[in-house]
Amino acid sequence: MGYEICEVNADNLLELHRVASTAFGEDPKQERIDDEKLVVEFDRMIAVADGDQLVASAGAYSFDLTVPGNTVPMAGVTWVACLPSHRRRGILRKMMKFQLDDVARRGEAIAGLTASEAVIYGRFGYGVATQFVEAKVRKSGTAFLTEPRASGRIRMVWEDEKPKVLPLIFDAWRRQRVGSVDRSEGRWEQILRDRPYDRRGASATLHAVHEDKRGVPDGYAAWRIKYDGDDDATCIVREIVAIDPEVEAALWRFVFDIDLTHRFVLRLHPLDSQLHWRLADSRAYRTEGVWDFLWLRIMNTPAALAARTYATDDSLVLEVVDPFRPRGAAAGRFRLEGGPDGATCKKEKAATPDLTMSVETLGSTYLGGVRWSTLAAAGRVSGTADALRRADAMFASSPLPFCSTGF
């Protein structure tokens with residue numbers, strides 16, 4: 001049976017939302033459609049119809065992704081869903097092919113997504129590029145070894161001020177944090193609407209801003225409070241954003257000192273956070289899990305590799321295999337020459353490759369979140385020990401790539 005890819009617009013967005021909600025076991029909500037209208041790009045949305053019924057969905061948002069030394073356009077894949085009645089019929093493959101062809105036509109060198117399951121998107125060329133930690137900290141163990149040295153003050157901000165202050169702080173931070181993406185005005189409005197159904201029984205999100213001695217905002221904290229009993233409160237830390245590590249520590253100190261709280265849950269926390277090492281009792285910080293977050297799919301290898309800088313000056317010949325799009329701009333043999341000041345990457349026919357990998361693996365190594373030698377040990381890269389050592393040094397990124405914006 002054939003399935004038709006059809007147009008998405010304001011008239012059928014609710015029906016498409018019903019498809020996605022059903023696939024994820026959720027109740028459709030008009031409020032979600034109202035929020036989606038703040039960020040939706042209808043020309044990037046895909047619906048699949050079986051007769052007069054919509055049965056599957058996919059879409060993309062236009063983001064700027066921070067890479068070492070630069071920011072680059074990224075297609076942020078979203079809304080990928082299929083009705084239970086239409087699984088295992090090749091519909092996902094059909095949508096992925098259509099979508100990636102569209103990304104290529106738009107000239108975007110990178111696509112990215114967050115995955116509901118870890119086994120879905122590797123076959124389409126996506127590799128895990130960032131990870132995060134979910135952790136808990138008990139109140140009794142929140143003393144610091146060294147107190148924050150940030151000057152200035154911390155104050156609460158309320159609804160009318162949040163959209164004026166928070167986006168400016170976040171944008172300055174995300175431009176320096178590899179793996180992060182921008183948040184449009186519509187996305188910020190969506191976040192700050194803070195719908196009750198997204199709170200999972202906790203309070204509305206509270207925000208505090210740190211200001212330097214001149215009164216310039218340079219960091220913020222966002223958290224919720226959830227009561228499990230009359231006097232048993234958990235503080236759910238949504239994010240703490242600051243470029244300066246001492247400002248970040250000051251915001252953690254502020255949050256840990258909130259009265260009536262007994263424990264802290266860190267939902268989306270960097271792997272290499274300073275917090276664990278700042279605590280006098282390091283065991284008070286308990287890692288509950290390490291999870292994948294941003295997956296990257298390289299669409300154009302020369303463009304993607306030339307768009308970032310590198311930790312060391314070097315040259316490597318890379319052979320990239322792309323089974324899903326074998327004739328696309330990601331596949332082939334390329335010579336990368338790069339360093340801290342920039343890079344070039346061009347097709348290479350004659351030279352023997354130093355490293356050979358799938359486009360999925362290239363997506364994982366692109367931001368420096370995992371070492372080439374680690375993936376070689378796992379059987380995902382082939383090359384000499386010398387080439388792996390040089391690639392590890394060249395692609396290294398510090399701090400580790402981190403994305404805190406879900407889509």
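Strands β3 (residues 53-67) and β4 (residues 70-82) run antiparallel and are joined by 11 bridges. The model is predicted, so local features need pLDDT of at least 70 and side-chain atom pairs count only at pLDDT 80 or more, while totals for chains, interfaces and linings use all residues. Residues are numbered from 1 along each chain as its sequence is written, and side-chain values use heavy atoms, with hydrogens and water left out. Helices (H or I, at least four residues) and strands (E, at least two) are DSSP runs, numbered from the N terminus.

**Sheet and hairpin**

- Seven strands make up an open sheet of mixed pairing, in the order β1-β2-β3-β4-β5-β14-β6; two strands pair if DSSP finds at least two bridges between them.
- The edges are held by β1 (4-6) and β6 (127-128), each with a single partner strand, so one side of each has no neighbour in the sheet.
- Strands of a sheet pair through backbone hydrogen bonds, either parallel or antiparallel.
- Elsewhere, six bridges link the antiparallel strands β16 (residues 332-339) and β17 (residues 342-347).
- A hairpin of two residues connects β16 to β17, and arginine 335 stands opposite lysine 346 in β17.

**Helix α3**

- Helix α3 (residues 91-105) lies across β1, β2 (46-50), β3, β4, β5 (110-113) and β14 (295-298), at about 40° to β3. Such angles run from 0 to 180 degrees between N-to-C directions, with axes fitted to C-alpha atoms, for helices over the stretch in contact.
- α3 has 15 residues and reaches 21 Å from its first C-alpha to its last, close to the expected 21 Å, which is 1.5 Å times one less than the number of residues.
- Its buried residues (under 20% relative accessible area; exposed is over 50%, partly exposed in between, with a 1.4 Å probe and protein chains only) are Ile91, Met95, Met96, Gln99, Leu100, Asp102 and Val103.
- Seen down the axis of α3, these buried residues fall within an arc of 155°, so they line one face of the helix; the arc is that of the directions from the helix axis to the C-beta atoms.
- The cover over the buried residues of α3 includes β2, β3, β4, β5 and β14, where contact means heavy atoms within 4.5 Å.
- Glycine 107, with a positive phi near 80°, follows α3.

**Nonpolar cores**

- The largest nonpolar core has 94 residues, of which Ile110 and Tyr366 touch the most other members. A core is a set of buried Ala, Val, Leu, Ile, Met, Phe, Trp, Tyr and Cys residues joined through side-chain atoms within 4.5 Å.
- β3 gives the most to this core, with eight residues.
- Leaving aside neighbours within four places in sequence, tyrosine 366 is in contact with residues including Val67, Ile110, Leu296, Ile298 and Phe395.
- A second, separate core of 24 residues includes Ala135, Ala242, Val255 and Phe256.

**Backbone exceptions**

- Most residues other than glycine have a negative phi, and most peptide bonds are trans.
- Tryptophan 79, not a glycine, has a positive phi of about 60°; this residue is in strand β4 and is buried at 13% relative accessible area.
- Leucine 260 also has a positive phi, about 70°. The residue sits in the loop between α6 (245-256) and β12 (261-269) and is exposed at 61% relative accessibility.
- Serine 398 and proline 399 are joined by a cis peptide bond with omega of about 0°, and proline 399 lies in the segment after α11 (385-395).
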